Amino acid sequence: ATGSIFIFLGLSILFFVLYELVGTSAITKARQADLQADFDRELAIGLNPAFTGNLPIPGTRRSSVRALARIKIPKIGVNVIVVEGVTLERLAYGPGRYPSTKMWGERGTTGVAGHRTGWGAPFFNLDRLRRGDAVIVETTDATYTYRVTDDIVVSPVHSEVLDGNPRSKAAQQMVLTTCTPKFTARDRLIVFTDLVRTVKRK
């Protein structure tokens with residue numbers, strides 16, 4: 001009987017791990033497909049609604065959550081849609097913008113959080129970024145190119161990192177955050193970037 005209990009517990013843990021790593025990623029992949037389609041449509045028809053997480057847009061929208069921007073990180077193969085908010089519910093759609101931070105194109109710092117394991121793990125390889133690597137953000141207004149300037153590891157209580165890199169003099173920065181070490185939520189990996197180029201949409 002004891003052996004059966006241990007086998008049951010072992011299988012339960014295995015199924016839970018599989019769901020966290022595979023099942024949740026399948027859910028996010030489907031949601032990202034809808035968000036990518038919605039965002040491409042916004043770009044195609046030139047929409048620029050006031051920002052929010054749930055504002056309706058004309059026509060048929062595939063996702064119940066609005067696509068806020070597209071973030072590309074060529075070095076690590078990231079090409080995902082960013083949504084508004086960093087709750088667990090929102091991060092299950094993709095990386096999320098910290099509502100307390102600035103929008104892209106505004107003076108100050110924009111903060112973006114993303115999962116490192118499960119739910120598509122968009123920031124799984126964020127630790128591979130080095131100074132000078134490009135991070136590109138597309139919005140309905142413009143395309144913004146950032147360059148990595150620094151990275152640090154802090155405990156989750158250090159929210160001041162969202163103020164930007166204190167060693168940078170750039171007027172516009174973006175901070176990327178994710179859990180570290182991989183497969184844990186003990187600390188936070190922080191990657192600082194500076195805006196180096198803005199190309200407005202016509």
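Start by selecting serine 168 and aspartate 194: their side chains are joined by a polar contact of 2.9 Å. What you have on screen is a predicted model. Serine 168 sits in the loop between S6 and S7. Leaving out residues up to four places away in sequence, serine 168 touches Gln173 and Asp194. Is serine 168 buried or exposed? Its relative accessibility is 15%, so serine 168 counts as buried, because buried means under 20%.

**Zoom out to the whole chain**

Now colour the chain by secondary structure. Of the chain's 202 residues, 46% count as buried. Among contacts with a separation of 6 or more, 60% are between residues 24 or more positions apart.

**Look inside**

Next, select Ile71, Ile73, Trp104, Leu126, Met174 and Leu176. In the largest nonpolar core, which has 25 residues, these touch the most other members. Strands S1 (69-73), S2 (78-84), S5 (134-138), S6 (142-154), S7 (172-180) and S8 (187-200) each supply at least two residues of this core. Which strand gives the largest share? That is S6, with 4 residues. In soluble globular proteins, nonpolar side chains tend to be buried together.

Keep leucine 126 selected and show its surroundings. Setting aside neighbours within four places in sequence, leucine 126 is in contact with Ile73, Ile76, Leu176, Thr178, Leu189 and Val191.

**Follow the charges**

The count of salt bridges comes to 10. Pick lysine 75 and aspartate 133 to see one of them, with the closest N and O atoms 3.0 Å apart. This pair links distant parts of the chain, 58 residues apart: lysine 75 is in the loop between S1 and S2, and aspartate 133 is in the loop between S4 (108-113) and S5. Lysine 75 is partly exposed at 45% relative accessibility, whereas aspartate 133 is buried at 15%.

Move on to arginine 116 and aspartate 127, whose salt bridge has its closest N and O atoms 2.8 Å apart. Both residues lie in the loop between S4 and S5, so the pair ties together parts 11 residues apart in sequence. Arginine 116 is buried, with a relative accessible area of 4%, while aspartate 127 is partly exposed at 34%.

For your last stop, select Asp40, Arg70, Lys72 and Glu138, which are linked in a network of salt bridges.

How values were computed. Residues are numbered from 1 along each chain as its sequence is written. This is a predicted model: local features need pLDDT of at least 70, side-chain atom pairs count only at pLDDT 80 or more; totals for chains, interfaces and linings use all residues. Side-chain values use heavy atoms; hydrogens and water are left out. A nonpolar core is a set of buried Ala, Val, Leu, Ile, Met, Phe, Trp, Tyr and Cys residues joined through side-chain atoms within 4.5 Å. Buried means under 20% relative accessible area, exposed over 50%, partly exposed in between (1.4 Å probe, protein chains only). Contact means heavy atoms within 4.5 Å. A polar contact is a pair of N or O atoms within 3.5 Å; within protein, one must be able to donate a hydrogen and the other to accept it, and residues adjacent in sequence count only if both atoms are side-chain atoms. A salt bridge is a side-chain nitrogen of Lys or Arg within 4 Å of a carboxyl oxygen of Asp or Glu.
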